[in-house]
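Morning, everyone. I have one structure to walk through today. Please have a look at it while I talk.

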Amino acid sequence: MSTVVLLACTGLGLGALYFLVASGLSLVFGLMDVLNFAHGALLSVGAYAAWWAATDGHLGFWLAVAFGTVVGTAASVLLELVLIRPLYARPRDQILATVGVGLALPALLMGIWGSDARPFPQPAALSGTVDLLGATVPVNRFVLVAAALAVLLLLRLFLARTRYGLIVRAGVEDRAMVTALGIDVRRAFTLVFAIGGAAASLGGALAGLYFGSVNPSQGTGLLVFAFVVVVMGGTGSVTGAAVASVGVGLVQQFANYAAVPGLGAAGLGDLSVVVLLAVLLLVKPRGLTGRLA
Amino acid sequence: MSLLTVRDLRVVIDGLHILHGVELDVAATGVTALLGRNGAGKTTTVKAVMGLVPRTGAITFDGADITGLPTHRVVRRGIGYAPEDRGVFAHLSVAENLRLAERDPNPAYDLVFELFPELKQRHRQPAGTLSGGQQQMVAIARTLLNGNRLVIADEPTKGLAPKIVTEVADVLARAAASVPVLLVEQNLALVRRIAGRCAVLADGRTAHQGDAGALLADADAARRLLGVGTHHATPGGDSR
């Protein structure tokens, strides 16, 4: 029983991380049809900025996380304005540009700080464990879940209550028609990139807490699963991404626990995610939310 | 004096020449009908005016060149657009569809709800669950919320039941009393009833411009330009 609880909490923590990456990815793709391969690199930017602030900058943990989120958000907005916006008429070049940034940014981080994992300073309050139903669960799992829930709540409020949220929901359905109502949809694009970058870099900063260290390829590794989450949840659907994130995180953890010798520790977990995706697409080709992927 | 003039409008999409020099003058009052057989280029013409497809030529609105403007700035000049197939946002409620269209500080909800009381009753209903006629009401309502100087309606009666066609026609006729309308329409009875002038497209070119009533009264010209007989057409029905 205690093992099940621990696996569930770890799976939820991982799912929370996936959600922080996937929610922005899903909105960006849903609204703008931009497949942002640089989204994982934004997570790494947030992670390294937070790590730098916490070590060289001697900032406290939460300030360092806030710093990482701000830097990642700024990087995301810059990416949209400088590289993505001039290429809206050329979607193929746009994908190539994001792939390039997705490769170049981790390489830059590696060039400056090396390829080795850097230990992320763990604040005392968050490095302990909690006894939950007989299991000893690290506190940082709950930090991630709480952060993801907060982001989910804020995103839903933004989408439901604000004019820009309305523009985003309409734009996911029919972008051209939004412009035909006199709305400059490019502003919404930049805003959505900012929101996605903020969530991803927050995820990056908290990933340092979750994994105990940061390394340049962390973001790209998480991006693969974030893409799976986006496809499963349905593009443009924040709630769908949340449900799919939880599913992927849990399946991965439990499958890893049941790992067959010879397949490698992580092999079965990753494989099971792909199987989950395949089964879901067979049963519901449009993803969980029923919209066309 | 024309409110909207289109000269030598050409549109190429994916290497296909869709329009080869359309000429169009939209009168500053009343309804101007844009006619032509299926595939003649009517919808592409209005999309080009709205900046929704790449285009060359000269499009002048109220004396200003709008050929190179992006769609949202064309609209902000005061052009309301109800597209073919209505373009309502199915997952948004009726109220949200209307709110999205608000541009003026004081949107004309009184007028809209007077014309379409049903939309007020169905305020919270997702637009995707409305009937085709109700969706068309949402599309037209969005153009009437703002003080537009021109309304473009692309086949607003397509696929609607005869009773609803009459309703939509009444609304368009009423709207046309205060704002000029460019109406793309296949229903010639409707055109005869509310349109003053008309332009006829054929194969991506303007084949005829003139008085709508005169064209439809001339059975030979109507058959040659539109490929239909017009004397059986009755209001409320399709051109039978």
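I'll take a helix pair, then a sheet, then the contact between the chains. Keep in mind that this is a predicted model.

Start with chain A. Helix H1 of chain A covers residues 2–32, and helix H8 of chain A covers residues 185–211. The two pack at an angle of about 165 degrees. Their axes are 9 Å apart. Angles over 145 degrees count as roughly antiparallel, so H1(A) and H8(A) are roughly antiparallel to each other. The crossing of H1(A) past H8(A) is left-handed. What classes of residue make up the contact of H1(A) with H8(A)? There are 18 nonpolar and six polar residues, and no charged ones.

Now chain B. Here four strands form an open sheet, in the order E2-E1-E4-E5. Pairing is antiparallel. Which strands of chain B sit at the edges? Strand E2 (16–27) and strand E5 (64–65) do, each pairing on one side only. Strand E1 of chain B, residues 2–13, is joined to E2(B) by nine bridges. Within that pair, Leu4(B) stands opposite Val26(B). Helix H1 of chain B, residues 42–50, lies across E1, E2 and E4 of chain B. That helix runs at about 75 degrees to E2(B).

Last, the contact between the chains. Chain B gives 19 residues and chain A gives 14 residues. On the chain B side, the elements giving two or more residues are helix H2 (71–76) and helix H3 (94–101). By class, that side has ten nonpolar, four polar and five charged residues.

Technical notes
Residues numbered from 1 in each chain as written. Chains lettered and ligands numbered in written order. Predicted model: local features only at pLDDT ≥ 70, side-chain atom pairs only at ≥ 80, totals over all residues. Contact = placed C-beta atoms within 7 Å. Nonpolar A, V, L, I, M, F, W, Y, C, P; charged D, E, K, R; others polar. Pairing = 2+ DSSP bridges. Axes fitted to C-alpha atoms, helices over the stretch in contact; angles between N-to-C directions. Parallel < 35°, antiparallel > 145°, perpendicular 65-115°, else oblique. Left-handed = near helix turned anticlockwise from the far one by under 90°.
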